[in-house]
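Hi everyone, thanks for making time this morning.

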Amino acid sequence: QAPLVESGGGSVQAGGSLRLSCGVPRYDYNTYCMGWFRQAPGKDREGVATIDSRGRTSSADAVKGRFTISQDNAKNTLYLQMNSLKPEDTAMYYCALGGGSCYAGRSFRYWGQGTQVTVSS
C-alpha cells in the first residue's frame with residue numbers, strides 16, 4: 001500500500017479545472033519537501049510543483065500561472081489546483097514526500113500510486 005494517497009483526477013475539457021488532493025501521513029520531519037509529478041505515456045516523469053515545510057513553492061515553466069500547489073497542515077493534505085488545463089497536461093499525476101529541503105533533482109522517499117488526469121480538446 002502506497003503511503004500517500006492521491007485523489008481528484010478525472011476527465012475534463014481543455015480550459016477546465018481540477019483539484020488534486022494527496023493525503024500525507026504524519027512523519028517526523030523537521031523540514032520536508034512535498035511535490036507533484038506527472039508522467040504521460042511514453043514520456044519520462046517530470047516535476048510539476050513543490051512546496052516545503054516553510055510554505056515556499058516552485059513550479060515548472062509549463063504550468064506556471066495555471067497550477068498552484070498548496071498544503072493544509074491541519075488536514076495533512078497536499079493540493080494541486082489546476083486551471084486552464086491543456087491536452088498536453090494529460091498524464092498520471094503523483095504526489096511525493098521527502099525529508100529536507102526542496103531542490104532540483106532531489107529524490108523522494110514516499111510516493112502515491114497516482115491519479116489519472118485526461119484533458120480533451
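**Starting from one serine**

Let's begin with Ser21, which sits in strand 3, covering residues 18-23; strands here are DSSP runs of E with at least two residues, helices are runs of H or I with at least four residues, and both are numbered from the N terminus. Before I go on, please keep in mind that this is a predicted model, where local features need pLDDT of at least 70, side-chain atom pairs count only at pLDDT 80 or more, and totals for chains, interfaces and linings use all residues. Residues are numbered from 1 along each chain as its sequence is written, and side-chain values use heavy atoms, with hydrogens and water left out.

So, is Ser21 buried or exposed? Ser21 is buried, at a relative accessible area of 16%. The cut-offs are under 20% for buried, over 50% for exposed and partly exposed in between, with a 1.4 Å probe and protein chains only. Setting aside neighbours within four places in sequence, the contacts of Ser21 are Val5, Glu6, Ser7, Trp36, Thr77, Leu78 and Tyr79, where contact means heavy atoms within 4.5 Å.

Now to the cysteines. How many disulfides does a search of the whole structure find? The search gives two, a disulfide being a pair of cysteine sulfur atoms within 2.5 Å.

One of them joins Cys22 to Cys95, with an S to S distance of 2.0 Å. This pair links distant parts of the chain, since Cys22 is in strand 3 and Cys95 is in strand 9 (residues 91-99), 73 residues apart. The torsion about the S-S bond of Cys22 and Cys95 is about 65°, so this disulfide is right-handed. Cys22 is buried at 0% relative accessible area, and Cys95 is buried at 0% as well.

Cys33 and Cys102 form a disulfide too, with S to S at 2.0 Å. Here Cys33 lies in strand 4 (residues 32-39) and Cys102 in the loop between strand 9 and strand 10 (110-111), 69 residues apart. The S-S torsion of Cys33 and Cys102 is 105°, again right-handed. Cys33 is buried at 0% relative accessibility, whereas Cys102 is partly exposed at 24%. If you number the bonded cysteines in sequence order, the pairing reads 1-3, 2-4.

Staying with strand 9, that is also the place of Tyr93. Tyr93 counts as buried, at 0% relative accessibility. What does Tyr93 touch, not counting residues up to four places away in sequence? The list includes Glu6, Leu20, Phe37, Val48, Phe67, Met82 and Val117.

Let's zoom out to the chain. There are zero helices and 11 strands. Its radius of gyration is 13 Å, which agrees with the value near 14 Å that a compact globule of 121 residues would have; the radius is taken over C-alpha atoms, and the globule rule is 2.2 Å times the number of residues to the power 0.38. The C-alpha atoms fill a box of roughly 45 × 30 × 30 Å along the principal axes. Buried residues make up 40% of the 121. Of the contacts between residues at least 6 apart in sequence, 58% join residues at least 24 apart.

That's my tour, and I'm happy to take questions.
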